[in-house]
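Look at the strand order before reading on.

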Amino acid sequence: MGHPDFRVDGRIFATLGYPDSCWAAVKLSAAEQAAFMAMQPRVFTPAKGAWGRAGSTMVLLREARKAAVQAALAAAWEGITSQASASKRRTKGRREPGH
């Protein structure tokens, strides 16, 4: 895609420079997205369409405060790591077909 992204176990939780260099995006829960938008509505906005309804949140970097961006990144990282842990727990101990 041409822009940097940040991943845990192959899952993206944040990107920089999308759709252009003024923006970043973080993957939040719907509740987290609403909270960040309420705190700083000029900075945080849902992505368009289904991605935004699922928590993908755009961050206007030139308006953002460092602490707010750090908090959003931490929430996105926590969300993706908890999903990865849950996925590993579900598959732990399962045998591959034919074994």
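Buried here means under 20% relative accessible area. By that cut-off, both faces of β5 are covered. The model is predicted.

**The sheet**
- The sheet is open and has 5 strands, paired antiparallel in the order β1-β2-β3-β5-β4.
- β1 (5–8) and β4 (44–46) are the edge strands, and each pairs on one side only.
- From one strand to the next, the twist averages 25°.
- Strands of a sheet pair through backbone hydrogen bonds.

**Strand pairs**
- β2 (residues 11–16) and β3 (residues 23–27) run antiparallel and are joined by 3 bridges.
- Ala14 faces Val26 of β3 as its opposite residue.
- Between β3 and β5 there are 5 bridges, again antiparallel.
- In that part of the sheet, Ala24 stands opposite Val59 of β5.
- β4 and β5 are linked by 3 bridges in the antiparallel sense.
- Thr45 has Met58 of β5 as its bridge partner.

**The enclosed strand**
- Of the 5 residues of β5, 5 are buried, so the strand is largely enclosed by the rest of the structure.
- In a regular strand, side chains alternate between the two faces of the sheet.
- On one side of β5, Ser56, Met58 and Leu60 are buried.

Terms used: Residues numbered from 1 in each chain as written. Predicted model: local features only at pLDDT ≥ 70, side-chain atom pairs only at ≥ 80, totals over all residues. Heavy atoms only, no water. Pairing = 2+ DSSP bridges. Helix = DSSP H or I, 4+ residues; strand = E, 2+ residues; numbered from the N terminus. Axes fitted to C-alpha atoms, helices over the stretch in contact; angles between N-to-C directions. Buried < 20%, exposed > 50% of the residue type's maximum accessible area, 1.4 Å probe, protein only.
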